[in-house]
Amino acid sequence: MTIEQDISPGTVSKILWHFTGGPKWNKKRKKQNVSPKPANMAYKNLISIMRTKELRLGSYKEVVRAILPKRRKFNLKTKKHETHLNVPIDIESSSICCLSDIPAPHLRYHAYRYGKFAIGFHRDAIIQAGFNPVFYTLHDTPIIRSIYRGFSFLDYADPNMIRNATYEIASEVSDYDYINIDTYIDDIEEETDSFEMAISKIKKNLENFVAFVKTFDRDEFGTIYCEREWRSTKSYGFDFNDVALIVLPRIVGEFQYFEHFTEKVAPNLKLPRKIPIVPWDDLVEH
């Protein structure tokens with residue numbers, strides 16, 4: 001007989017969080033910056049999300065880095081194959097929007113990277129919307145190299161090579177009137193189009209899968225690995241019933257964010273009273 005326990009392990013939350021002050025994307029490093037956005041920008045983002053009731057797909061795409069122990073590459077200058085060791089390969093995913101499964105007692109730890117402005121959503125609503133937990137792996141694991149190999153094998157599948165070969169065959173037999181090859185050529189071209197479409201769909205599905213993969217270095221267990229992300233490759237249009245909590249600081253600098261939001265913004269947005277608006281200072285820092 002199984003006894004159900006109404007006890008939380010302390011590492012799982014029924015509220016998933018979207019921090020509106022997450023760091024900007026660094027194009028050169030292909031990583032997020034370390035510092036969060038300024039408070040005024042995070043606040044504007046929070047208001048915009050609540051006004052539109054949508055978490056949009058951003059410009060952010062997951063860049064999965066695979067470290068290949070060996071890679072042979074042809075050097076055009078020397079006309080020779082060269083073997084390179086520990087080669088980093090980046091795989092770019094589809095666009096994503098993100099949430100984090102962080103119990104309230106652990107929110108303070110994440111503030112230094114994501115700020116103190118956050119919207120909490122009910123986990124059941126997030127699951128219903130199609131979000132999924134992220135798969136975390138180190139850069140140099142066999143599983144991540146297998147994903148890279150999947151992409152690289154598809155690069156060898158070039159439908160145009162089939163088309164070119166077909167045209168050459170048709171050209172070679174064009175002088176022979178007794179050979180009617182047009183029907184066969186049409187069949188090959190039709191199959192080639194289907195093959196090209198299949199390759200395109202496979203690549204897109206792989207990109208969607210990579211959107212749920214996050215790679216990290218061995219020194220990022222305390223930053224990246226502990227984020228417990230959930231992601232979606234679609235924008236999330238939510239209802240106020242999906243919102244469990246709104247958290248923001250009382251004061252940053254000289255601006256009283258909590259008072260401004262509760263007295264001016266919330267009434268304007270017509271937020272239901274059942275959505276708690278809680279000062280970060282009271283929820284996290286006591």
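Which residues are linked in a network of salt bridges? In this predicted model, the network comprises Arg113, Lys214, Glu227, Glu229 and Arg231. The legends below describe close-up views of this and other sites.

**View 1. Salt-bridge network of Arg113, Lys214, Glu227, Glu229 and Arg231.** Glu227 and Lys214 form a salt bridge in which the closest N and O atoms are 4.0 Å apart. Because Glu227 belongs to the loop between S11 and S12 while Lys214 belongs to strand S11, this pair ties together parts that are 13 residues apart in sequence. Glu227 counts as buried, at 2% relative accessibility, and Lys214 is likewise buried, at 5%. A salt bridge also joins the side chains of Glu229 and Arg231, with an N to O distance of 3.0 Å. Glu229 and Arg231 are both buried.

**View 2. Salt bridge between Asp101 and Arg228.** The closest N and O atoms of Asp101 and Arg228 are 3.1 Å apart. The pair links distant parts of the chain, 127 residues apart: Asp101 is in the loop between strand S7 (97–100) and helix H2 (107–114), and Arg228 is in the loop between S11 and S12. Asp101 is buried, with 4% relative accessibility, whereas Arg228 is partly exposed, with 32%. The structure has a count of seven salt bridges.

**View 3. Glu220 in the loop between strands S11 (213–216) and S12 (229–232).** A polar atom of the Glu220 side chain lies 2.8 Å from the backbone nitrogen of Asp217. The relative accessibility of Glu220 is 12%, so this residue counts as buried.

**View 4. Cysteines Cys97 and Cys98.** The cysteine sulfur closest to that of Cys97 is in Cys98, at 6.8 Å, which is too far for a bond. A disulfide would require the two sulfur atoms to be within 2.5 Å. The structure holds zero disulfides. Cys97 is buried, with a relative accessible area of 4%.

View 5. Strands S1 and S8 (residues 118–122) run antiparallel and are joined by five bridges. Within this pairing, Leu16 has Phe121 of S8 as its bridge partner.

**View 6. Nonpolar surface patch formed by Ile162, Ile188 and Phe195.** Together, these residues have about 210 Å² of accessible area. Ile162 is located in helix H5 (residues 159–172) and counts as partly exposed, at 34% relative accessibility.

Terms used:
Residues numbered from 1 in each chain as written. Predicted model: local features only at pLDDT ≥ 70, side-chain atom pairs only at ≥ 80, totals over all residues. Heavy atoms only, no water. Pairing = 2+ DSSP bridges. Helix = DSSP H or I, 4+ residues; strand = E, 2+ residues; numbered from the N terminus. Buried < 20%, exposed > 50% of the residue type's maximum accessible area, 1.4 Å probe, protein only. Patch = residues over 30% accessible without salt bridge, like charges linked within 9 Å, V, L, I, M, F, W, Y side chains within 5 Å. Areas by Shrake-Rupley, 256 points an atom, 1.4 Å probe, with all protein chains shown as cover. Polar contact = N/O pair within 3.5 Å; in protein donor to acceptor, adjacent residues only side chain to side chain.
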